[in-house]
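Colleague: Hey, I'd like to learn to read a protein model. Could you show me one and walk me through it?

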Amino acid sequence: MAPNDSAQATDEGQEPGAGRRKAARYIVPVAVAGVAAATIGLVPALAAAGDPSLPKISAQQLIEKIAASDTQQLSGTVKISTDLGLPGLDSLGSLAPRGGGSDKSAAPQAKLTELASGTHTLRVAADGPDRQKVSILEDAAEYSLIHNGNDVWAYDSGSNQAYHAQRSAADAAKEHGAKEHGSKEHGDKTPGAGVPTTPKALADEFLKNVDPTTAVSVDGTAQVAGHDAYQLLIKPKQSGSTIGSVRIAVDAKTGVPLKFTLSSSAGGKAVVDAGFTKVDFSKPSASTFTFTPPKGAKVTEDDGKKQTFKPEQSLPGGLGGLGDVKNGKNAKVIGKGWTAIAAFDTGGKGMPKAEQGKGGGDAQKFLDSLGDKASGSFGTGTVFKTRLVNALITDNGKVYVGAVTKDALIAAANSNK
């Protein structure tokens, strides 16, 4: 087993030097913009084949290796499982985001919500920024999401339903311009970019900004899907976070994250644990990304009047930054690092009730099952909880949300009356 090696810049809370700027955006602390952002996670149970002996590497070097990775092609299988401590979502179709079709369309937003709980197997493929495919394998059916150039197709074999959307000329031009100027905002070469169904996509949610509140080290080695890998261990230095640690297995040869495991500070099984069971870094066949609706399939065309599907919005990866909240009305961030809390005023009167009608009763039961009553100098309210993200919604319409404990939310509300 390779020896442990702590990253001095992060473990000692020192600022990284100029030579480390390239990797600066790849480290950690996480604050979450809403409970909904925690409802997607990925998990594999991968058998280790013995810990390989690899050359010594520092945490900073390993982070730089991830940042420098330029792998554009891959295909493989990802085992997915999620334990957010949520009630079953199978009967709660009313809570699923609506896309560019009817309730029975193959629009990705609703289908991919199923990854919020349980265990799933995905087959993934990527060939650069313009071609990706993700398929959810079920007992008697398969759901596929294909991005090929300007086209996005989704197909549900169980219902013989298809969904089709095209990027606008403006979006295509914007992406082309970003490529010309070397920007990774659009046209990212990372396999699976925009579709957070791989360890790489999940790791990128964490590996963004170096912060003194984070401890980073190399914690030995592992073998994942037949590949030797270093294990990068990321832990909060602060107390009060619901996140205990993040472990990322990084392919020793390519620098591609092969496995991602997020553990709760409360212990128990992993909340999010994503990884490959098989992976091949050769170029997939071009036919992998071609799709023609089968005969008799019902096709829903996204005409642009409804929200066009964007993979990066449909599967948030379980966590996200506070950028959207910061831009919201009357919004601010309390604290920093792993215990940052987003606070904003809805201008309403507490948590709205679920809409009545079809599915409304189930939705309300789901919301009620997540909540604990809370009180303090702020007044009264309800804390909606998962194993990862908690949100306090006061009866006068103020909202406090983050990857923090219930006590931390109440303390923030008491100090922000």
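Colleague: What does the secondary structure of the protein chain come to?
Modeller: The chain has 10 helices and 19 strands. Those are DSSP runs, numbered from the N terminus: helices are H or I with at least four residues, strands are E with at least two. This is a predicted model, where local features need pLDDT of at least 70 and side-chain atom pairs count only at pLDDT 80 or more, while totals for chains, interfaces and linings use all residues. Residues are numbered from 1 along each chain as its sequence is written, and side-chain values use heavy atoms, leaving out hydrogens and water.

Colleague: OK. How much of the protein chain counts as buried?
Modeller: Of its 417 residues, 49% do. Buried means under 20% relative accessible area, exposed means over 50%, and partly exposed is in between (1.4 Å probe, protein chains only).

Colleague: Let's zoom in. How many residues of strand β11 are buried?
Modeller: Seven of the eight, in residues 257–264, so β11 is largely enclosed by the rest of the structure.

Colleague: Which way does β10 run relative to β11, parallel or antiparallel?
Modeller: Antiparallel: seven bridges join β10 (residues 243–251) to β11. Strands count as paired if DSSP finds at least two bridges between them. The two form a hairpin with five residues between them, and G255 in the turn has a positive phi of about 80 degrees.

Colleague: And how many bridges pair β11 with β12?
Modeller: Four, again in the antiparallel sense, with β12 covering residues 272–280. T261 is a handy one to find: R247 has T261 as its bridge partner in β11, and T261 in turn has D273 as its partner in β12.

Colleague: You mentioned R247. What does R247 form a salt bridge with?
Modeller: With D219, the closest N and O atoms being 2.8 Å apart. The pair links distant parts of the chain, since R247 is in β10 and D219 is in β8 (residues 214–224), 28 residues apart. A salt bridge here is a side-chain nitrogen of Lys or Arg within 4 Å of a carboxyl oxygen of Asp or Glu.

Colleague: Is R247 buried or partly exposed?
Modeller: Partly exposed, with a relative accessible area of 26%. D219 is partly exposed too, at 21%.

Colleague: How many salt bridges does a search of the whole structure find?
Modeller: Seven. One of them joins the side chains of K200 and D204, at 3.3 Å from N to O. Those two are four residues apart in helix α6 (residues 199–206), so about one helical turn separates them. K200 counts as buried, at 8% relative accessibility.
Modeller: Another joins K385 and D372, also with 3.3 Å between the closest N and O atoms. K385 sits in β17 and D372 in β16, 13 residues apart.

Colleague: Switching to helices: which residues of α10 are buried?
Modeller: L409, I410, A412 and A413, in a helix that covers residues 406–414. Down the axis of α10, the buried residues fall within an arc of 160 degrees, so they line one face of the helix. That arc is taken from the directions from the helix axis to the C-beta atoms.

Colleague: What covers the buried residues of α10?
Modeller: The cover includes β14 (332–334), β15 (341–345) and β16 (371–376), along with β17 (379–385), β18 (390–394) and β19 (398–402). Contact means heavy atoms within 4.5 Å.
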